[in-house]
Amino acid sequence: MLSEVPSPNDPHVRHMRRMFLAVITGSFLFLIPWIAYLSVSLPTRRTVSNWRYAWVGFDAALVVAIGITALCAWRRLQIFVPWAVATATLLCCDAWFDIVLDWNSNELTGSIVTAVAAELPLAALLLYAARKMFRLTVAVAWRRAGRQGPLPPLSRLSLIALTGHEEPPQAAQPEGEDGRRRGHGEPPRGPDDRRGDHRAP
């Protein structure tokens with residue numbers, strides 16, 4: 001077990017996990033009624049003054065994300081995986097807002113073509129590459145942790161399966177040099193266990 005990997009039974013780790021679960025679960029439960037509220041309260045039409053800055057800022061963030069993802073891929077860095085997922089997410093958001101906001105405009109066809117031909121395929125490629133790289137990394141760690149058998153699907157792989165806190169299955173012990181197994185043959189006799197060897201003087 002690596003010394004820098006904290007035990008899941010550590011009190012600090014357990015406290016941080018409970019806090020994280022509370023925050024992420026509370027956010028999920030909060031967003032359900034919030035979405036219902038927005039669906040009935042938001043106007044169908046609204047005029048804004050920062051429309052240009054909103055899209056320029058979003059596209060600038062997308063360009064930066066794609067550039068960093070490409071750099072990580074060229075340098076074969078592990079951080080490529082989260083950057084690829086983040087970039088794919090931005091691409092899907094870009095396609096969604098382009099289509100929805102242009103739904104009743106003359107630019108709808110161009111938005112659909114751009115989404116189908118460029119944004120969504122690139123997002124799918126990034127997610128595929130991220131999954132392959134992540135699974136390859138997990139497979140290497142799986143073998144180094146002494147795990148036997150095929151690697152399970154990532155959706156069923158425990159977070160602590162590769163930390164060394166779970167003992168790998170023990171291999172069957174080979175037979176001794178005398179070839180005897182438990183329950184077969186005569187057990188080795190000690191100096192005080194010599195039955196029938198005592199003769200009368």
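The tour visits a pair of helices and then a group of aromatic rings.

This is a predicted model, in which local features need pLDDT of at least 70, side-chain atom pairs count only at pLDDT 80 or more, and totals for chains, interfaces and linings use all residues. Residues are numbered from 1 along each chain as its sequence is written, and side-chain values use heavy atoms, with hydrogens and water left out.

Select helix α3 (residues 80–101) together with helix α4 (residues 108–144), whose axes come within 8 Å and cross at roughly 160°. Helices here are DSSP runs of H or I with at least four residues, numbered from the N terminus. With angles over 145 degrees counting as roughly antiparallel, α3 and α4 are therefore roughly antiparallel to each other.

Next, select F30 and W34, which both lie in helix α1 (residues 11–41), 4 residues apart, or about one turn of the helix. Rings of Phe, Tyr and Trp (its six-membered ring) pair if their centres lie within 6.5 Å, and planes under 30 degrees apart count as stacked, over 60 as edge-to-face and the rest as tilted. F30 is exposed, with a relative accessible area of 51%, whereas W34 is partly exposed at 38%; buried means under 20%, exposed over 50%, and partly exposed in between, using a 1.4 Å probe and protein chains only.

Y37 is partly exposed, at 48% relative accessible area. Viewed together, F30, W34 and Y37 are linked by ring pairs into a cluster.

How values were computed: Axes fitted to C-alpha atoms, helices over the stretch in contact; angles between N-to-C directions. Helix = DSSP H or I, 4+ residues; strand = E, 2+ residues; numbered from the N terminus. Parallel < 35°, antiparallel > 145°, perpendicular 65-115°, else oblique.
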